[in-house]
Amino acid sequence: NQPAQYGQLINISADTGNEATQLFIEQDTGRIYFRGGNSVNAMKDTKFKEVAYWNDNKHLQFPNGAEMWVY
């Protein structure tokens, strides 16, 4: 379920493996994705959701239309 062929996967464990979150940053575009799981909902079965991407103005763009200027 990796969103792109190349990128960085960051694993964040909340406790002894029952809760976890993953961030994926696409290598060539910088798009940021996330997914989470627990002992009931396996993370490997969950698709990544897009959090943000860099727009043409070099601002961080969110799916709701908001932008963040990053310098």
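Which residue lies over the face of Tyr53? Arg31 does, at 4.4 Å from the ring centre; a charge counts as over a ring if NZ of Lys or CZ of Arg is within 6 Å of the centre and within 35 degrees of the ring normal. This is a predicted model, where local features need pLDDT of at least 70 and side-chain atom pairs count only at pLDDT 80 or more, while totals for chains, interfaces and linings use all residues. Residues are numbered from 1 along each chain as its sequence is written, and side-chain values use heavy atoms, with hydrogens and water left out.

**Salt bridge**
- The count is one salt bridge (a side-chain nitrogen of Lys or Arg within 4 Å of a carboxyl oxygen of Asp or Glu).
- Arg31 pairs with Glu50, with the closest N and O atoms 2.5 Å apart.
- Arg31 sits in the loop between β2 (19-26) and β3 (32-38) and Glu50 in strand β4 (residues 49-54), so the pair ties together parts 19 residues apart in sequence.
- Strands are DSSP runs (E, at least two residues), numbered from the N terminus.
- Arg31 is partly exposed at 27% relative accessible area.
- Glu50 is also partly exposed, at 29% (buried is under 20%, exposed over 50%, partly exposed in between; 1.4 Å probe, protein chains only).

**His59 contacts**
- His59 belongs to strand β5 (residues 59-61).
- His59 counts as buried, at 12% relative accessibility.
- Its side chain makes a polar contact of 2.6 Å with that of Glu67 and another of 3.4 Å with that of Trp69.
- A polar contact is a pair of N or O atoms within 3.5 Å; within protein, one must be able to donate a hydrogen and the other to accept it, and residues adjacent in sequence count only if both atoms are side-chain atoms.

Conventions:
Helix = DSSP H or I, 4+ residues; strand = E, 2+ residues; numbered from the N terminus.
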